[in-house]
Amino acid sequence: MQLLMDRIRRDGKIKAGNVLKVDSFLNHQMDIKLFVEIGKEFKRRFADCEINKILTIEASGIGIACIVAQYFDVPVVFAKKSKTKNIAGDIYTTQVESFTHGRTYDIMVSKEFLGASDKVLLIDDFLANGKALEGLSDIVKNSGAQLVGAGIVIEKGFQPGGGHLRSQGIKVESLAIVESMDEIAGTIRFRGE
Ligand code: 5GP
């Protein structure tokens, strides 16, 4: 998606440890006009798929998922990150290793909001090692719902998550795939360039 790649190049900041900061339009301040274009593009890429629910993970996935959901006309469920296992009621839960924070946390979704009749599109901001998406995919599996695919805003193609998920047969659509980035020069190369 050219608009997104141009924006990443213009406003993205490359940090140590293979981290791309996009706080000015995606992860802190959010450019809703850009989100609208992202929503339309995901709708186009998943046009032939039956989807009745979007699942994302707090916090940065939520804003994107909400705008995207308008184009699919479906509800959004977000997996909650929890520090305690002491959560009332029936839940699906799994563990996720955090790329940005370097620790493991539990995520959970109430059984009330996900079940065997659901056809689920996963949405997230970044795909790096794939742990967040694997966690969401585990939860979908445990619920008996069908995993239709995953829509990612920025995939870091030099990290293994995307390849790993695609090799499991999951339809992963990333709107910008960073092939390499140079912290010193401040340059980014996208797949297809
Ligand atoms: P994964 O589980 O695929 O390793 O990492 C995905 C999660 O880590 C995303 O939900 C995102 O919040 C965060 N993340 C991974 N890499 C980056 C990055 O380069 N920049 C930012 N801003 N977040 C990242």
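A polar contact is a pair of N or O atoms within 3.5 Å. In this predicted model, an oxygen atom of the ligand and an N or O atom in the side chain of Asp124 are 2.9 Å apart.

- Ala128 places a backbone N or O atom 2.8 Å from an oxygen atom of the ligand.
- A polar backbone atom of Ala132 is likewise 2.8 Å from an oxygen atom of the ligand.
- The ligand taken alone exposes 500 Å², of which the protein buries 90%.

**The shell around the ligand**

**The largest pocket**
- The volume of the largest pocket is about 890 Å³.
- Its lining consists of 35 residues, and Ser60, Lys81, Ser98, Thr100 and His101 are the closest to the pocket centre.
- Elements that give two or more residues to the lining include helix H2 (23-27), helix H4 (60-72), strand E4 (76-82), strand E5 (91-97) and strand E6 (104-110).
- E2, E7 and H5 are also among the elements that give two or more residues to this lining.
- E7 supplies the largest share of the lining, four residues.
- The lining divides into 13 nonpolar, ten polar and twelve charged residues.

Terms used
Residues are numbered from 1 along each chain as its sequence is written. This is a predicted model: local features need pLDDT of at least 70, side-chain atom pairs count only at pLDDT 80 or more; totals for chains, interfaces and linings use all residues. Side-chain values use heavy atoms; hydrogens and water are left out. A polar contact is a pair of N or O atoms within 3.5 Å; within protein, one must be able to donate a hydrogen and the other to accept it, and residues adjacent in sequence count only if both atoms are side-chain atoms. Accessible areas come from the Shrake-Rupley method with a 1.4 Å probe; for residues, only the protein chains shown count as cover. On a 1 Å grid over the protein atoms alone, a cavity is a set of points where a 1.4 Å probe fits but cannot get out, and a pocket is an open set with protein on both sides within 12 Å along at least five of seven lines; lining residues have an atom within 4 Å of a point. Grid points are joined across faces, edges and corners, and a volume is the space filled by probe spheres set on the points. Ala, Val, Leu, Ile, Met, Phe, Trp, Tyr, Cys and Pro count as nonpolar, Asp, Glu, Lys and Arg as charged, and the others, Gly among them, as polar.
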